[in-house]
Amino acid sequence: ERHAEIQFMWRAIEGLSKQQKRAIKLLKLQGHSLKETSALTGMSVAALKVTIHRAMKSLRASLGQEMP
């Protein structure tokens, strides 16, 4: 059961744009700060916040609609 949930979550993440995926992986999964993620991606902190917000909104919509 847990394995299926994890696979489902990864599929949802893979459905994000390249920029959103990278930001989510660095900030949420690898634990980098906004400042570190900004430096690693070349995005401003403000642009990164918008990207993360949109990615999380997309993930919530995907996971909420299709949760196994």
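A residue counts as buried when its relative accessible area is under 20%, as exposed when that value is over 50%, and as partly exposed in between. With this scale in mind, the briefing looks at a predicted model of a protein chain that holds 4 helices and 0 strands.

**The chain as a whole**

- Read from the N terminus on, the elements of the protein chain follow the order α-α-α-α, and the C-alpha atoms fill a box of roughly 35 × 20 × 15 Å when this is taken along the principal axes.
- The protein chain has 68 residues, and 26% of them count as buried.

**Surface and charge**

- The protein chain has an accessible surface of about 4800 Å², and carbon and sulfur atoms account for 55% of that surface.
- The protein chain carries 12 positive and 5 negative charges, and the mean position of the positive charges is 12 Å away from the mean position of the negative ones.

- When residues up to four places away in sequence are not counted, tryptophan 10 touches Lys25 and Leu29.
- Tryptophan 10 and arginine 54 are separated by 44 residues in sequence, while the distance between them in space, from C-alpha to C-alpha, is 17 Å.

**How helices α1 and α2 meet**

- The axis of α1 and the axis of helix α2, which covers residues 18-29, come within 9 Å of each other and cross at roughly 135°.
- The two helices α1 and α2 are therefore described as oblique to each other, since a crossing angle counts as roughly perpendicular from 65 to 115 degrees and as roughly antiparallel only over 145.
- On the α1 side this contact is made by Trp10, Ile13 and Glu14, and on the α2 side by Lys21, Lys25 and Leu29.

- Leaving aside the neighbours within four places in sequence, threonine 51 is in contact with Gln19, Gln20, Ala23 and Met43.

Note on methods:
Residues numbered from 1 in each chain as written. Predicted model: local features only at pLDDT ≥ 70, side-chain atom pairs only at ≥ 80, totals over all residues. Heavy atoms only, no water. Buried < 20%, exposed > 50% of the residue type's maximum accessible area, 1.4 Å probe, protein only. Areas by Shrake-Rupley, 256 points an atom, 1.4 Å probe, with all protein chains shown as cover. Lys, Arg positive; Asp, Glu negative; His and termini not counted. Charge placed at Lys NZ, Arg CZ, Asp CG, Glu CD. Contact = heavy atoms within 4.5 Å. Axes fitted to C-alpha atoms, helices over the stretch in contact; angles between N-to-C directions. Parallel < 35°, antiparallel > 145°, perpendicular 65-115°, else oblique.
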